[in-house]
Amino acid sequence: MTKKALVLGGGGVAGIAWETGLLAGLTEAGVPVLEADLMVGTSAGSTVAAQVTSGVGVEELFRRQVDPAFQVPELPRTIDTEALMAMFAESYDPALDPGELRRRVGAMALKAPTVPEAERRPVIEARLPSHDWPALEIKIVAVDAETGEDRVFDATSGVSLVDAVTASCAVPGVWPPATIGGRRYVDGAVRSPENADLAEGYERVLVVQVMEIPGQNELEKQVAFLRERGSEVMVIGPDEAAAAAMGPNLLDPAKREPAATAGREQGLRAAPEVAGFLK
């Protein structure tokens with residue numbers, strides 16, 4: 001049987017909504033996209049990976065994005081997307097040591113004024129229908145703010161699912177680094193918005209990319225890495241309508257309904273191509 005991996009990239013609350021809608025549309029069209037053997041989740045993608053493997057159906061998860069009566073509370077933040085993109089682009093500068101760049105981002109995150117961890121963590125708790133690691137293998141990526149080393153959390157890590165997702169979603173300068181075992185962790189997108197290379201060894205890898213960072217080709221390199229090792233890879237990102245629905249501030253909770261709806265419509269349109277790839 002063909003081993004399949006689903007890679008879910010980062011992209012704020014709007015990205016969570018779009019990814020959820022996309023998966024709902026694909027599922028409605030009969031594409032078994034959620035029957036992957038592995039899910040790799042980074043930042044927003046870590047939330048979606050934890051949600052779709054929780055036992056709650058994707059239709060219910062979609063409703064939690066589009067119906068205000070079922071939406072969980074979020075902490076709204078206005079983000080300078082261009083500044084954030086520039087920071088992430090700098091972290092992938094091939095001319096500089098990746099560890100040093102990540103340490104710089106981590107140091108900035110540790111000093112930045114944010115809400116307290118005790119205020120941020122309940123938001124993640126509310127997002128996740130289950131706080132237990134699922135039976136399906138999922139990998140959740142974060143970065144040690146002090147050392148710059150990446151950390152891949154899974155069910156064997158001895159770390160709670162809520163803590164792992166909180167760490168992966170700790171956008172530097174926006175949310176507080178998450179404390180786990182005495183270490184502080186920041187968003188897994190500091191390593192890569194997708195971390196698709198963690199799907200090495202899987203024959204079909206579907207990568208859901210929420211945001212493209214100008215001047216950054218990390219995903220291209222990861223796709224090439226996977227293909228060199230025998231994987232077939234497909235990347236799907238927001239179409240024009242979905243990108244417009246999400247808008248420039250990916251952390252705006254008001255974008256959940258339009259982003260999820262646009263994602264679902266895109267999923268329905270993309271279903272034949274995705275189904276053919278996953279066969």
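The accessible surface of the protein comes to about 11500 Å², and carbon and sulfur atoms account for 51% of that area. The model is a predicted one. Of its 279 residues, 56% count as buried.

The overall dimensions can be read in two ways. Along the principal axes, the C-alpha atoms fill a box of roughly 45 × 45 × 35 Å. The radius of gyration is 17 Å, which agrees with a compact globule, because a chain of 279 residues folded that way would have a value near 19 Å.

Within this outline the chain forms ten helices and eight strands. Contacts between residues at least 6 apart in sequence can be sorted by their separation along the chain: 79% of them join residues at least 24 apart.

Charged side chains number 26 positive and 41 negative. The centres of these two sets lie 2 Å apart.

Ser43 is not a glycine, yet its phi is positive, at about 55°. Ser43 sits in the loop that runs from strand 2 (38–42) to helix 2 (44–52). Its relative accessible area is 6%, and since residues under 20% count as buried, Ser43 is buried.

The other residue is Asn195, also not a glycine, with a positive phi near 55°. Asn195 belongs to the loop between strand 6 (183–187) and strand 7 (204–208). With a relative accessible area of 0%, Asn195 is buried as well.

Definitions and conventions: Residues numbered from 1 in each chain as written. Predicted model: local features only at pLDDT ≥ 70, side-chain atom pairs only at ≥ 80, totals over all residues. Heavy atoms only, no water. Helix = DSSP H or I, 4+ residues; strand = E, 2+ residues; numbered from the N terminus. Rg over C-alpha atoms; globule rule 2.2 N^0.38 Å. Buried < 20%, exposed > 50% of the residue type's maximum accessible area, 1.4 Å probe, protein only. Contact = heavy atoms within 4.5 Å. Areas by Shrake-Rupley, 256 points an atom, 1.4 Å probe, with all protein chains shown as cover. Lys, Arg positive; Asp, Glu negative; His and termini not counted. Charge placed at Lys NZ, Arg CZ, Asp CG, Glu CD.
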